[in-house]
Amino acid sequence: MEQQRVLVIGGGIAGITAAVDLGDAGQEVVMVERLPSVGGRMLQLSETFPTLDCAQCTLTPRTVETGQHPNIKLYPYSEVVGLEGEPGAFKVKIRKKVSYVDWDKCTGCGACQEKCPQKVTTNPYERGVGIKKAIYTLSPQAVPNKPIIDPVNCRYLNKGKCRVCSQVCPVDAIDYGMQESFVEEEVAAVIAATGFGLYPIEAMGEYGYGSVPDVIDGLAMERMLSASGPTAGEVMRPSDGKEPQSIAIIQCVGSRDPENHKPYCSRICCMYSAKHARLYKHKVHHGIASLYYMDLRCTGKGYEEFLQQSTEEEGLLYMRGRVSKIFRDGDQVVVWSTDTLSGQPVEQRVDMVVLAMAVVPNPEQAELARILGIPVDANGFYQEQHYKIGAVDTGREGVYMAGCAQGARDIADTVAHASAAASRVQVFLSRLARRAA
Ligand SMILES: Cc1cc2nc3c(=O)[nH]c(=O)nc-3n(C[C@H](O)[C@H](O)[C@H](O)COP(=O)(O)OP(=O)(O)OC[C@H]3O[C@@H](n4cnc5c(N)ncnc54)[C@H](O)[C@@H]3O)c2cc1C
Ligand code: SF4
Ligand code: SF4
């Protein structure tokens with residue numbers, strides 16, 4: 001029987017794991033990633049709980065393997081816009097977004113980024129931390145390591161003046177007139193591994209609707225702590241670039257609040273909040289790190305020990321309390337809460353606040369689910385066919401899911417889920433082959 005190809009949508013650690021598993025098993029894979037490089041959220045992380053090893057050291061060998069794998073055909077900076085046909089014989093339509101750089105010519109030398117005069121502080125990937133240029137790659141370890149131009153901020157695309165990148169590019173790769181294009185691929189099965197986003201700070205009225213500059217979310221904290229990130233690992237307040245001498249980390253923001261926000265527990269925030277506080281203390285030795293929590297839910301292997309070490313050896317201050325209001329006063333941030341153990345109101349003034357926002361599906365997930373013909377649950381995550389015995393099945397034959405697109409989980413659980421999806425695809429393809437025989 002002819003080789004059956006598998007479409008993997010999303011190149012985070014879930015998509016990468018499923019694609020490499022399938023590729024190693026001899027299966028051809030088409031991977032579509034909406035960003036210019038693979039790696040997903042893990043590419044934004046600093047060090048990872050519970051081992052505190054560098055995220056890039058774990059991730060880079062896998063992203064490189066994905067980029068070089070003879071059985072994986074990668075479509076970076078692309079999106080799935082249509083799926084027709086039936087299980088075993090799908091036709092997928094892919095939109096290749098406009099990078100303004102001819103990646104076939106580009107050697108990834110970096111000269112354009114270095115010389116581009118346009119500094120941008122609002123790049124969504126960096127979450128308001130540090131500076132990117134108007135032509136940029138996601139990270140120095142990006143796979144592929146090819147830049148895109150940000151059309152909103154590029155001087156030439158907006159005002160018709162500049163062209164510096166085009167002048168310094170040694171291989172004439174800049175193409176300001178590039179148009180989007182579409183390709184079609186035939187695949188037998190699909191794995192949707194489109195990951196997650198964070199609930200927007202702007203949804204939190206009581207925390208200033210995102211208008212207090214020194215209140216950031218967990219991913220912004222990761223970018224600051226990351227050695228290869230925009231501040232080279234230095235913790236800086238967004239308002240003035242100063243090192244915060246005290247921070248407050250608020251857990252469960254938007255999670256476990258069925259009346260106003262999301263009803264579910266985001267599962268990873270207790271652990272990454274403890275990690276943030278520890279990494280902050282490793283950088284600012286005399287700094288004060290306070291954490292506000294409802295309960296501490298650290299249920300993975302080695303997680304309780306990580307938490308114990310955080311409180312006993314690292315001097316973190318845990319306060320059981322629900323925060324009612326956050327506001328700016330002078331150059332500090334004021335946190336009002338009630339200590340739920342003593343019942344007393346507490347006011348704390350700190351230099352910076354980190355909100356552990358609820359994990360939510362990416363906004364485009366509903367539309368992709370419609371294209372794939374699969375259901376989503378009440379919170380917008382892909383709906384598994386059976387909670388216990390069908391956790392990667394969508395209910396549509398030939399279409400599977402992996403990772404945080406189904407619900408919040410840490411890296412270890414994501415990788416296990418993705419390998420399970422790869423295995424289910426192989427079962428499906430074997431059945432197809434038997435039917436055809
Ligand atoms: C602040 C923070 C800190 C964390 N720290 C840790 C930690 O220390 N240890 C740990 O174990 N876990 C940690 N995690 C959890 C970890 O990030 C996730 O477990 C992991 O990223 C899940 O991988 P994923 O592939 O499912 O999703 P993602 O990493 O979100 O990857 C999904 C990919 O799909 C792409 N995509 C989305 N939609 C589309 C589309 N329509 N078409 C094409 N591509 C698409 C995205 O661009 C992305 O590349 C942390 C999470 C956060 C928020
Ligand atoms: S043309 Fe745009 S991307 Fe190129 S150097 Fe100028 S501002 Fe930067
Ligand atoms: S200068 Fe040209 S070759 Fe070098 S990274 Fe930029 S676009 Fe690619």
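In the predicted model, 13 residues of domain 1 are in contact with 9 residues of domain 2. Two residues are in contact if their C-beta atoms, placed from the backbone, lie within 7 Å. By class, the side of domain 1 that touches domain 2 has 7 nonpolar, 6 polar and no charged residues. Here Ala, Val, Leu, Ile, Met, Phe, Trp, Tyr, Cys and Pro count as nonpolar; Asp, Glu, Lys and Arg count as charged; the others, Gly among them, count as polar. The C-alpha centres of domain 1 and domain 2 lie 28 Å apart.

The protein chain is assigned domain 1 (5-96 + 180-195 + 362-436), domain 2 (111-168) and domain 3 (200-358). These bounds come from an automatic or database domain assignment. Residues are numbered from 1 along each chain as its sequence is written, while chains are lettered from A and ligands numbered from 1 in the order in which they are written. Because this is a predicted model, local features need pLDDT of at least 70 and side-chain atom pairs count only at pLDDT 80 or more, whereas totals for chains, interfaces and linings use all residues.

An open sheet is formed by 7 strands in the order β15-β21-β16-β17-β18-β19-β20. Its pairing is mixed. Helices (H or I, at least four residues) and strands (E, at least two) are DSSP runs, numbered from the N terminus. Two strands pair if DSSP finds at least two bridges between them. In general, strands of a sheet pair through backbone hydrogen bonds, either parallel or antiparallel. In this sheet, β15 and β20 (345-350) stand at the edges. Each has a single partner strand, so one side of each is left without a neighbour in the sheet. The twist averages 35° from one strand to the next. Axes are lines fitted to C-alpha atoms, for helices over the stretch in contact, and angles run from 0 to 180 degrees between N-to-C directions.

Strand β21 (residues 352-357) has two parallel partners. β15 (residues 215-217) pairs with β21 over 3 bridges, and V354 of β21 is the bridge partner of I216. β16 (residues 246-253) pairs with β21 in the parallel sense over 5 bridges. There, I250 has L355 as its bridge partner. Strand β21 is mostly covered, with 6 of its 6 residues buried. A residue is buried if 20 or more other C-beta atoms lie within 10 Å of its own, exposed if 12 or fewer, and partly exposed in between; C-beta atoms are placed from the backbone. Both faces of β21 are covered. M352, V354 and A356 are buried on one side, and V353, L355 and M357 on the other.

Further along the sheet, β17 (residues 288-293) and β18 (residues 317-329) pair in the parallel sense over 4 bridges. L291 has Y318 as its bridge partner in β18. Helix α7 (269-283) lies across β16, β17 and β21. This helix runs at about 175° to β16.

Ligand 1 is surrounded by 39 residues. A residue is near a molecule or strand if its C-beta atom, placed from the backbone, lies within 6 Å of it. The closest to ligand 1 are G10, G12, G40, G195 and G403. At least two residues of the shell come from each of α1 (13-24), β6 (78-86), α6 (218-225), α7 and α10 (411-436). The shell around ligand 1 draws at least three residues from each of domain 1 and domain 3. By class, this shell divides into 18 nonpolar, 12 polar and 9 charged residues.

The shell around ligand 2 consists of C116, Q118, A134, I135, I149, C154, R155, Y156, C162, R163, V164 and C165. Two or more of these residues are given by each of α4 (155-159) and α5 (164-168). The shell divides into 9 nonpolar, 1 polar and 2 charged residues.

Several backbone features lie in loops. A cis peptide bond joins F49 and P50, with omega about -5°. P50 is in the loop between β3 (47-48) and β4 (53-54). L52 is also found in the loop between β3 and β4. L52 has a positive phi of about 55° although it is not a glycine. L52 is partly exposed, with 13 other C-beta atoms within 10 Å. The peptide bond from V143 to P144 is cis, with omega near -5°. P144 lies in the loop between β10 (135-136) and β11 (148-149). R267, not a glycine, has a positive phi of about 70°.
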